Amino acid sequence: QVQLVESGGGVVQVGGSLRLSCAASRGTLSNRRMGWFRQAPGKEREVVAAITWNGGSTYYADSVKGRFTISRDNAKNTVWVQMNSLKSQDTAVYYCAADRRYGLGLGSDPESSRAYDYWGQGTQVTVSS
């Protein structure tokens with residue numbers, strides 16, 4: 001079993017930046033496919049970004065391409081998402097998620113929440129104007 005903990009959320013103005021972190025408080029996220037998702041009030045959970053087990057490939061939702069960057073350090077057992085040029089529509093609870101399997105590429109479904117087995121509790125990001 002893996003327990004994931006997100007941190008780094010907060011309130012930021014439009015155009016600002018935040019860096020979210022995801023660490024494993026139990027188990028390891030190293031060498032697992034990882035994803036960041038978000039859920040705004042009244043909306044379904046949607047993918048933000050995903051990264052392969054070794055960081056070799058990444059996936060981004062169209063809405064965040066060019067603004068967000070996902071990265072990882074397996075030695076530190078941590079995954080990050082750097083969020084720049086934030087917009088009001090980026091306001092949501094952000095979750096990290098881990099695949100239970102090891103050593104996977106992005107696969108055919110990095111955007112699907114069903115591809116991930118372990119989830120954090122989420123961290124709130126509020127972008128204010």
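Lysine 65 and aspartate 62 are joined by a salt bridge, with N and O 3.1 Å apart; a salt bridge here is a side-chain nitrogen of Lys or Arg within 4 Å of a carboxyl oxygen of Asp or Glu. Both lysine 65 and aspartate 62 are exposed (buried means under 20% relative accessible area, exposed over 50%, partly exposed in between, with a 1.4 Å probe and protein chains only). The model is predicted, local features needing pLDDT of at least 70 and side-chain atom pairs pLDDT 80 or more, while totals for chains, interfaces and linings use all residues. Residues are numbered from 1 along each chain as its sequence is written, and side-chain values use heavy atoms, without hydrogens and water.

In the whole structure, eight salt bridges were found. One of them pairs aspartate 99 with arginine 33 at 2.9 Å, N to O. Aspartate 99 belongs to strand S9 and arginine 33 to strand S4 (residues 32-39), so this pair ties together parts 66 residues apart in sequence; strands (E, at least two residues) are DSSP runs, numbered from the N terminus. Aspartate 99 is buried, at 0% relative accessible area, and arginine 33 is buried at 2%. A network of salt bridges links Arg33, Asp99, Arg101 and Asp109. Another salt bridge connects arginine 38 and glutamate 46, whose closest N and O atoms are 2.7 Å apart. Arginine 38 is buried, at 6% relative accessibility, whereas glutamate 46 is partly exposed, at 36%.

The structure contains one disulfide (a pair of cysteine sulfur atoms within 2.5 Å). The sulfur atoms of cysteine 22 and cysteine 96 lie 2.0 Å apart in this disulfide, and both cysteines are buried.

Terms used: Helices (H or I, at least four residues) and strands (E, at least two) are DSSP runs, numbered from the N terminus.
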